[in-house]
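Colleague: Please take a close look at the charged pairs in this model. Go through them one by one, and say where each partner sits.

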Amino acid sequence: MSTPITGLHHVTALAGPPQRNLDFHVGTLGLRLVKRTVNFDAPDVYHLYYGDRVGTPGSILTFFPFPMAAAGKLGVGESIATAFAVPTGALDAWMDRFADLAVDFDVPTERFGQRVLAFRDADGMPFELIETVGLTAESNETERVWTDGPIDAESAIRRFHSVTLLIDRPTETARILTDVFGYEEGATEGRRTRFTVAGEGAVHIDLLTPDQITTRGRSGHGTTHHIAFRTPDDETQATVREQLMSLGLGVTTVQDRNYFRSIY
């Protein structure tokens, strides 16, 4: 079982008012509202799913909106950035769009040879757009772009590119990524090391160590709730579960979510 994990399935975060969240991710980012349902474990809470035209795994960003929740705090032990892949050359159009819509964004930087544009959504959650080699208006993934939204195919978000985890002791997390999930440790830039797994539209996991003593993160709107990895079948999922338990980690039984089955 050389590649038990084939990439990300989805990323779930916490939000404030649901309409504000929808306005930003559909109206500003041009994602499709794939599904509106409720939290399985708290059915009085909406669960909003955004993604590409067909809801491809690896493109799905979901939110639990809590209108009265306090803002979270980023820190050690948190996912501190979720990055989307966009076509090469798209960042200039995105900067023009953000400027027109009064969305704050940072000056573009370069990371592992790719241009990165950092910004925050309406709840203050940090995101990035990364120009990704191989993505163009004519690439294979274009057919999955949500063309009824406000963004054209030359600039539209395709899928996730990476997530960044701020970890003060990365060895244990790196061990799970490589020894259990089948990721390969790749390049390092400064305090950031990238881990990659083979697979169509696979998403990088970046482990970033803090540059100084940093307080731990606090859950609240604008923070990530969980990151879901994808296995090819139930048998592989069961094997991964056994391996995680053998490391002394607490893992739930398989949870039937109707359109997927998951362990936590």
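**Salt bridges, pair by pair**

Modeller: Arg115 has a relative accessible area of 28%, which makes Arg115 partly exposed. The scale runs as follows: buried is under 20% relative accessible area, exposed is over 50%, and partly exposed lies in between (1.4 Å probe, protein chains only). This is a predicted model, where local features need pLDDT of at least 70, side-chain atom pairs count only at pLDDT 80 or more, and totals for chains, interfaces and linings use all residues. Residues are numbered from 1 along each chain as its sequence is written, and side-chain values use heavy atoms, with hydrogens and water left out.

Arg115 has a partner. Arg115 and Glu131 form a salt bridge, with the closest N and O atoms 3.3 Å apart. Arg115 belongs to strand β7 and Glu131 to strand β8, so the pair ties together parts 16 residues apart in sequence. A salt bridge here is a side-chain nitrogen of Lys or Arg within 4 Å of a carboxyl oxygen of Asp or Glu. Strands (E, at least two residues) and helices (H or I, at least four) are DSSP runs, numbered from the N terminus. Glu131 is buried, at 8% relative accessibility. Asp92 joins in too: a network of salt bridges links Asp92, Arg115 and Glu131.

Now the loop between β7 (114–120) and β8 (126–131). Asp123 lies there. Asp123 counts as buried because its relative accessibility is 8%. Asp123 makes a salt bridge with Arg20, and their closest N and O atoms are 2.3 Å apart. Arg20 is in helix α1 (residues 18–28) and Asp123 in the β7–β8 loop, so this pair ties together parts 103 residues apart in sequence. Arg20 is partly exposed, at 35% relative accessibility.

Asp123 has other neighbours. Its side chain meets that of His221 in a polar contact of 3.4 Å. That term covers a pair of N or O atoms within 3.5 Å; within protein, one must be able to donate a hydrogen and the other to accept it, and residues adjacent in sequence count only if both atoms are side-chain atoms. Leaving aside residues up to four places away in sequence, Asp123 touches Ala15, Gly16, Arg20, Asn21, His221 and Gly222. Contact means heavy atoms within 4.5 Å.

One more pair. Arg261 and Asp234 meet through their side chains in a salt bridge of 3.1 Å, N to O. Arg261 in strand β15 (residues 261–262) and Asp234 in helix α4 (residues 234–246) are 27 residues apart, and the pair links these distant parts of the chain. Arg261 is partly exposed at 43%. Asp234 is also partly exposed, at 44%.

Across the whole structure, the search finds ten salt bridges.
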